[in-house]
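Dear colleague,

I am handing over the structure below, and after it you will find a description of what came out of the analysis. Please read the text with the coordinates open beside it.

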Amino acid sequence: MMPDARSKYSHSPVSRFVKPRRFWRPGDECRARAWGHGGAAVTVSGGKGGALVVDFGREVGGYLRVGWGRVRGGAVRFYFSECLEELEPAGDMVWEPVLERTAAFCRHVYRGRGGEPWRASRLRGGFRYVLVKPGAGTTAVMRDVDVEADFYVPERGMYPGRFECSDEG
């Protein structure tokens with residue numbers, strides 16, 4: 001049986017939860033490691049250069065979920081992007097006003113002590129990469145990460161803008 005011609009363009013997740021493919025320290029992509037299905041137990045420390053890039057391998061959207069080990073210190077912030085060039089605190093933040101492009105106003109923040117699963121309270125659409133950035137003096141162990149797939153539907157279904165294409169099909 002021949003698959004529907006549209007299926008080759010569908011990148012929908014097979015399950016409601018999407019696991020990352022790999023991770024690395026910023027600027028060190030050549031040393032990327034596979035995330036693995038059972039999690040990775042990665043320790044991330046804040047301060048200069050203390051961050052982690054998580055790559056989902058494709059465009060996803062939804063609620064970020066993290067299974068935490070121990071977290072000591074302050075907050076852990078998460079930044080999202082569709083491309084590595086924009087993956088930074090002041091980078092790809094389409095839905096956030098310019099004044100909120102600083103770490104102090106990040107909307108995806110974990111402030112717990114660890115030992116429990118956490119689900120971001122805000123939906124995040126359209127990203128492939130997540131930058132995990134603990135605050136100065138913060139050390140966090142991430143045991144698992146995934147995205148609970150969901151899609152942004154504006155009030156009354158009113159999407160801003162439009163899409164035009166020269167393809168008549």
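Let me begin with Glu148, which counts as buried because its relative accessibility is 11%; buried here means under 20% relative accessible area, exposed means over 50%, and partly exposed lies in between, computed with a 1.4 Å probe on protein chains only. Glu148 forms a salt bridge with Arg16, with 2.9 Å between the closest N and O atoms, where a salt bridge is a side-chain nitrogen of Lys or Arg within 4 Å of a carboxyl oxygen of Asp or Glu. Arg16 lies in the segment before β1 (17-18) and Glu148 in strand β10, so the pair ties together parts that are 132 residues apart in sequence. Arg16 itself counts as partly exposed, because its relative accessibility is 45%.

Before going further, please note that this is a predicted model, in which local features need pLDDT of at least 70 and side-chain atom pairs count only at pLDDT 80 or more, while totals for chains, interfaces and linings use all residues. Residues are numbered from 1 along each chain as its sequence is written, and side-chain values use heavy atoms, with hydrogens and water left out.

The structure holds nine salt bridges, and two further ones deserve a description here. Asp144 forms a salt bridge with Lys19, the closest N and O atoms lying 2.7 Å apart; this pair links distant parts of the chain, with Asp144 in strand β10 and Lys19 in the loop between β1 and β2, 125 residues apart. Asp144 counts as partly exposed at 24% relative accessibility, and Lys19 counts as partly exposed at 28%. Arg65 forms a salt bridge with Asp146, again with 2.7 Å between the closest N and O atoms, and here strand β5 is linked to strand β10 across 81 residues. Arg65 is partly exposed, with a relative accessibility of 27%, whereas Asp146 is buried, with a relative accessible area of 5%. Lys19, Arg65, Asp144 and Asp146 are linked in a network of salt bridges.

As to the strands, helices (H or I, at least four residues) and strands (E, at least two) are DSSP runs numbered from the N terminus, and two strands pair if DSSP finds at least two bridges between them. Strand β5 (residues 52-72) pairs with β10 (residues 139-149) in the antiparallel sense over nine bridges, and in β10 the bridge partner of Val66 is Val145. Six bridges join β5 to β9 (residues 124-134), also antiparallel, with Leu52 opposite Val132 in β9. Three bridges join β5 to β8 (residues 117-119) in the antiparallel sense, where the partner of Arg65 is Arg119. Three bridges likewise join β2 (residues 22-24) to β5, running antiparallel, and Phe23 stands opposite Val54 in β5.

Finally, the nonpolar cores, each a set of buried Ala, Val, Leu, Ile, Met, Phe, Trp, Tyr and Cys residues joined through side-chain atoms within 4.5 Å. The largest has 26 residues, and those with the most contacts inside it are Phe56, Leu64, Trp68, Phe78, Val130 and Met142. At least two residues of this core come from each of β4 (42-45), β5, β6 (76-81), β9 and β10, and β5 supplies the largest share, eight residues. Apart from this core lies another, of seven residues, including Val53, Tyr79, Leu87 and Leu131.

With kind regards
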